[in-house]
Amino acid sequence: MLACAAGLLGGGTAHAADYPYTPTVPDADPGGCVTSGAPAWVGVTDEVVLKTRVAGPSDLSEYPTAHFRLWREDAADTPVFEQLVPTSPGGMPQARVLRQWLPPEGPYWWQVRLESKSGASAWTTPCGFATDFTPPAAPTVAFQDLDRFPQGSAPGAVRTVRVSLPEGVEASRVCISPTPSDGNRCPSLSAGETLTTTFVTPEDPGPSSVSAFTLDRAGNSSSAAGAEYWIQYPFFEPFGDYDSDGRPDLLGVDRQGRLTLGAGQEGGGFAAPVVVDDRDWSDALVDRAGYLAHRNGVRAGNDWRNDIIAKRGDKLFVYPGNGEGGFGDPIEVVGYDWSNVTRISVTRISETLVRQLVVVEGDRLLLFDLDGVGGYGPPYVSGFTVLAESGWAQRTPILNAGDGATPWAGLLGRDDRTGALEFAGIVTGSEERYALAPPVTLAASGWSPAEVPGLVTVGDLTGDERPDLLSVDPAGTPVLRSLAVDGTLGAPVTLPGPGLQGVKVF
């Protein structure tokens, strides 16, 4: 057919070889320019735009006109569309063929030449396209694992679905959402075929559905078909829990600078520390941080997994917990120059989602609201409250991250020189949003870093719905004390399990 068409319309005029203008780069949108083999398929569209580029001198007084012709196969002498478009050298004339001018029968071929009073160029080689303006039928979608998930599935659970196409459907593939586990969102599927695939249950709880639609040879899509299911609400890690078993864990940095986790044990105590992150943490300031960021990176919502916060160099980062004892890629906390900060700690002093970051900068004690938690952007700070103008260069603030526990509007302060341990409440200020109440001495000595190398608030191990204080002596022995609202310490209890010598707990 291509040779026949070229024979009928090719050749131009007797002056074609000497004509100064030439049509180049013929193209159609959609469809392109296919000059041999099977023509391109064009799906549902309002129009097909034919175009070419004009090559030739720009110093002539006579400019050409582009002559477009389009005909149905086997009917080259009776074009269904013909149009003249004035143009100029270097121009790209276009002819718009409306859908109603293209009867269903095809395929179609088209070509273009340039004309003027002095002659005409040769016709371009014909380009072809076929049309399919009928959307395909929708597939059917059905779960294959309803017996395993009668009450819905938890985030992260792998679900199995079957997608089928009825006989007689003009189809090439189906597109599935959520994206299947193998990453191929639009696998091949023909009429009468069935495929079984899996996907991972998303994070967002509540009613949801898996959907699919058919794509045919021309790129037409069917309506979507789907199957509904329920996404269970996630497990909320209590404060201090990093492996989603409901028990507080103990984090630390070992002598090689690796991050370790001592899993909380039934009845109290911790398992031997195991390495959960082999990045270098030796020079980082690290603390627990509660729920700050999603484990899949910056996105809306939260995953209710406890995170950690760390200062590296002059930058501050959140490392999202994955609920399995590990931590994801860092997300920078923006809004302040952290280069002079020497100590960090995170707390939650109210029932709101906002967390507070307390830092020592020089001799000052500063408090920031950590904003952006659960939002579209990274956590950030905007402004701060000075809790103390001086007296903190040699002192360490000890707070709790607060999520999953009763908020704790106070902090412990350890004097690293004298070993004194104090408690000070964080109250609403008269001039500032927050203020530090006068400190109360809990112990005049005995808590220096040499005497107590490890000192951290862990989760609730005593059942009073408040975090407890864990201390580690030079021999690595962990000792637990309950922590009252006013900072009063309970009696020391030595925890069972292995020692923690050589591990800097936090």
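These questions ask what lies behind some of the terms used for this predicted model.

The model is predicted, with local features needing pLDDT of at least 70, side-chain atom pairs pLDDT 80 or more, and totals for chains, interfaces and linings using all residues. Residues are numbered from 1 along each chain as its sequence is written, and side-chain values use heavy atoms, without hydrogens and water.

Me: Why is T260 called buried?
Reply: Buried means under 20% relative accessible area, with a 1.4 Å probe and protein chains only. T260 has 3%, so T260 is buried.

Me: What is T260 in contact with, leaving aside its neighbours within four places in sequence?
Reply: Contact means heavy atoms within 4.5 Å. The partners of T260 include L250, G252, P273, V276 and V503. T260 itself is found in strand 17 (residues 259–262). A strand is a DSSP run of E, at least two residues, numbered from the N terminus.

Me: What makes strand 10 and strand 11 a pair?
Reply: Two strands pair if DSSP finds at least two bridges between them. Strand 10 and strand 11 (residues 158–164) have 4 bridges, in the antiparallel sense. A142 stands opposite R162 in strand 11.

Me: Why are strand 10 and strand 13 called edge strands?
Reply: The open sheet of 3 strands has the order 10-11-13. Strand 10 (140–143) and strand 13 (194–200) each pair on one side only.

Me: How do the residues of the lining of the largest pocket divide?
Reply: They divide into 17 nonpolar, 8 polar and 8 charged. Asp, Glu, Lys and Arg count as charged; Ala, Val, Leu, Ile, Met, Phe, Trp, Tyr, Cys and Pro as nonpolar; the others, Gly among them, as polar.

Key:
Buried means under 20% relative accessible area, exposed over 50%, partly exposed in between (1.4 Å probe, protein chains only).
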